[in-house]
Amino acid sequence: MSEVVHTFTTKVPRWRPYVTPVRLEEATEEQREAMKITPSNTKVSDYVLTLAHDPESLAVRSPLFNAIMYGDDGLSRAERELGAVGASVVNRCVYCAAVHASRYNQLAKAPEVIKAIFAAETKAELEPRNQAIFDFAVAVSNTPPEAAADHIAALREQGLTDLEQVDLILSAAIFGWANRLMHTLGEPVAT
Amino acid sequence: MDHVIERLAGVRPGSPLAAALAERAQIMGLSQASHDAVLIPRAPGGLSHGERAALAVRMARALADEALAAHYQGLLSQAGEMPELTRVAAGQAGPFAPRLGAIVRHVDMLTLAPREATRGDVETLTAAGIAEADVVRLAELAAFVNYQARVIAGLRLLGGTA
């Protein structure tokens, strides 16, 4: 049996579900429809086949996730990934953190940011703009959410527009969703 | 169409925030469609609309959002309140029938401490007779309410209505 990954890493593990994924050949028409609109159609992942147990949610969540993370104006793609990483650290979703930390590294070409976050987690010390973004993502991801006016003031001070702040709120919040699926319905295993 | 997030965030018409959200209209629409998919799905499986609403009230309270709790209380009333579900919504620890008790325990973990989730939590649910498809439905419900509460909290701060 492959080894479960418990520590933060940028090496993307494999995701192994705790429940039996839907069998593609047995999927209903509605389940097939819901799975079609996921980012990659070449091979259906165990994650998508697991979520196909609830096709009504999957059908709307996939385009929502893509619109929040991959929209082409507003907050930069890299800074949305930083929001995703902040949430994933709070919720300790090692799989989500690996995927989105490695995307951040591809986009931002500044590996020291993720290194600092994986070393100190929610207490990471970053340069001011990244700090404001990361601290907001961490605060809003706590339960109950702990984001406060100070966090918004820090984002404004770093020059984030209202639209960019909306994008940050959304990218951190959607990982309050994604982490609660990925980390509770399965586990990351070393490849 | 009523969008729960913008209504509960108190977004002021004509404000800079309202203008920013107009640029994210697709996301706001999909967020509302997600709300409907997890709270009032056409095919609810083993989780009734009433159970979903009661659990959502409970989660909204744990997320310290009374306005969101009141919204879900409205859905619970529409579904027809059962005494046991009223106690779920009120945040009581129990006692509940074994199946509902397992569901409540799991939803509390998903909201308060998802980082502590293990394979054993899913095994506890299935041992209580909960179908695997319902395990996924329950996770989507809890995950959505947690998303929604955070968007509302963030937008209130941004709009100065917190």
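Modeller: Gladly, and please keep in mind that this is a predicted model. Let's start where the chains meet: 54 residues of chain A are in contact with 49 residues of chain B. The area buried between chain A and chain B is about 4,400 Å², and carbon and sulfur atoms give 65% of that area.

Colleague: Which elements of chain A build the side that touches chain B, once we get to the pairs across the interface?

Modeller: Across the interface of chain A and chain B there are 20 residue pairs in polar contact, both residues at pLDDT 80 or more. On chain A, two or more residues each come from α2 (46-51), α3 (55-70), α4 (77-90), α7 (128-141), α8 (149-157) and α9 (162-182). Of these, α9(A) gives the most, with 13 residues. By type, the residues on that side of chain A divide into 28 nonpolar, 13 polar and 13 charged.

Colleague: Why is the pair Arg24(B) and Asp167(A) called a salt bridge?

Modeller: The closest N and O atoms of Arg24(B) and Asp167(A) are 2.6 Å apart. The cut-off is 4 Å between a side-chain nitrogen of Lys or Arg and a carboxyl oxygen of Asp or Glu, so the pair qualifies. Across the interface of chain A and chain B, the rule finds five salt bridges.

Colleague: And what makes the pair Glu187(A) and Arg16(A) a salt bridge?

Modeller: The N to O distance is 2.8 Å, and the limit is 4 Å, so this pair passes too. Glu187(A) sits in strand β2 (residues 186-189) of chain A and Arg16(A) in strand β1 (residues 14-17) of chain A, so the pair links distant parts of the chain, 171 residues apart.

Colleague: Why are Glu187(A) and Arg16(A) counted as buried?

Modeller: Buried means under 20% relative accessible area. Glu187(A) has 10% and Arg16(A) has 13%, so both fall under the cut-off.

Colleague: Why is Ser34(B) called buried?

Modeller: Its relative accessible area is 1%, and the cut-off is under 20%, so the label follows. Ser34(B) is found in helix α3 (residues 25-39) of chain B, and its side chain reaches the backbone oxygen of Leu30(B) at 2.8 Å. Leaving aside neighbours within four places in sequence, Ser34(B) is in contact with Val60(A), Leu64(A), Trp177(A) and Phe144(B).

Colleague: How do you know that Thr111(B) is buried?

Modeller: Thr111(B) has 1% relative accessibility, and under 20% counts as buried, so Thr111(B) does. Thr111(B) lies in helix α7 of chain B. Beyond neighbours within four places in sequence, its contacts include Thr143(A), Arg180(A) and Asn146(B).

Colleague: Why is Gly101(B), in that helix, labelled partly exposed?

Modeller: Gly101(B) has a relative accessible area of 25%.

Colleague: What makes Lys109(A) stand out in its backbone, and why is Lys109(A) called exposed?

Modeller: Phi of Lys109(A) is near 55 degrees, a positive value in a residue other than glycine. Lys109(A) is placed in the loop between α5 (94-108) and α6 (111-120) of chain A. Its relative accessibility is 67%, and exposed means over 50%, so the name applies.

Definitions and conventions
Residues numbered from 1 in each chain as written. Chains lettered and ligands numbered in written order. Predicted model: local features only at pLDDT ≥ 70, side-chain atom pairs only at ≥ 80, totals over all residues. Heavy atoms only, no water. Contact = heavy atoms within 4.5 Å. Buried area = accessible area lost by both parts, 1.4 Å probe. Polar contact = N/O pair within 3.5 Å; in protein donor to acceptor, adjacent residues only side chain to side chain. Helix = DSSP H or I, 4+ residues; strand = E, 2+ residues; numbered from the N terminus. Nonpolar A, V, L, I, M, F, W, Y, C, P; charged D, E, K, R; others polar. Buried < 20%, exposed > 50% of the residue type's maximum accessible area, 1.4 Å probe, protein only.
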